[in-house]
Amino acid sequence: MYDAVLCDGHMKANPMTDDITLFANDFIAVKEHNGYTYAHLTRTAGRLVALLPFRGSGVEQHYLARVEVCPAHSDDPGVYSITGGVRPNETPLEAAARELTEESGYQAAADEFTVLGEVRPTKQADTTVTLLAVDVTDKVQAAIVGDGTRWEQDAGVKWVTYADGLGIIDPLFITLMARLRGQTWQSEQNNSM
């Protein structure tokens, strides 16, 4: 997809696409496609990862949630999934390993993650999120370093049960838990046959 070009002070569609960029900065662009306006994450080319570190199994399983300020929602800390952008020339698995360390203090190699599929969390953006889970039961948590932004300076994490996780207003967190539970259930069914 190509952006629009500025000609004589007016936005014109690039001949290669119908999309017009109405606004853009280093992080986000507002685009229009055949009259439909949507957001595009320019910094990550619309590619994100959402992570669900977990420990234990069955009813004893707990999930790691991120506690941080999200200015789009409130100036007070909220509970969210661990997310991050996929950098250019980086795979979603590599991004997951980096984000896990930055935002939780746990370390895992890319091949330790279980891919739970992809979602497009809203029709108002062209963002695709790769969902991943990782078992950190036997891992030691180091200090949370964050990515250096002021929003992550006072951020932390907390363990939640499945029931508590269902009350988190982040739909990515709920989807991660449901997909992990579904995959675990399917695996148990296959192993019992």
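**View 1. Helix α1 and the strands that cover it.** The buried residues of α1 are covered by elements including β6 (47-55), β7 (62-69), β9 (82-85), β11 and β12; contact here means heavy atoms within 4.5 Å. Helices (H or I, at least four residues) and strands (E, at least two) are DSSP runs, numbered from the N terminus. Welcome to a predicted model, where local features need pLDDT of at least 70, side-chain atom pairs count only at pLDDT 80 or more, and totals for chains, interfaces and linings use all residues. Residues are numbered from 1 along each chain as its sequence is written, and side-chain values use heavy atoms, with hydrogens and water left out. Among the buried residues of α1 are Ala95, Ala96, Ala97, Leu100 and Ser104; buried means under 20% relative accessible area, exposed over 50%, and partly exposed in between (1.4 Å probe, protein chains only). With 13 residues at 1.5 Å a residue, α1 should span 18 Å, and its end C-alpha atoms are 17 Å apart, which agrees; the expected span is 1.5 Å times one less than the number of residues.

View 2. Arg98 forms a salt bridge with Glu90, and the closest N and O atoms are 2.8 Å apart. A salt bridge is a side-chain nitrogen of Lys or Arg within 4 Å of a carboxyl oxygen of Asp or Glu. Arg98 also pairs in this way with Glu99, again with the closest N and O atoms 2.8 Å apart. Arg98 and Glu90 are both buried, and Glu99 is buried too. The structure holds seven salt bridges.

**View 3. A salt bridge between two loops.** Here the side chains of Glu112 and Lys139 meet in a salt bridge (2.8 Å, N to O). Glu112 lies in the loop between α1 (92-104) and β10 (114-119), and Lys139 in the loop between β11 (128-135) and β12 (156-160), so the pair ties together parts that are 27 residues apart in sequence. Glu112 is partly exposed, at 35% relative accessible area, and Lys139 is partly exposed as well, at 25%.

**View 4. Leu180 and the largest nonpolar core.** This core has 17 residues, and those with the most contacts inside it are Leu52, Tyr63, Leu131, Phe173 and Leu180. A nonpolar core is a set of buried Ala, Val, Leu, Ile, Met, Phe, Trp, Tyr and Cys residues joined through side-chain atoms within 4.5 Å. At least two residues each come from β6, β7, β10, β11 and α3 (171-191), and α3 gives the largest share, five residues. Leaving aside neighbours within four places in sequence, Leu180 is in contact with Leu52, Phe54, Gln61, Tyr63, Leu116 and Ala133. A second, separate core of 15 residues includes Ile82, Ala97, Tyr106 and Val134.

**View 5. Strand β6 and its partners.** Strands β6 and β11 run parallel and are joined by eight bridges; two strands pair if DSSP finds at least two bridges between them. Look for Leu48, which stands opposite Val129 in β11. Strands β6 and β9 run antiparallel, with four bridges, and Ala50 stands opposite Thr83 in β9. Two bridges join β6 to β7, also antiparallel, and Arg55 has His62 in β7 as its bridge partner. The hairpin of β6 and β7 has six residues between the strands, and in this hairpin Gly56 takes a positive phi near 80°.
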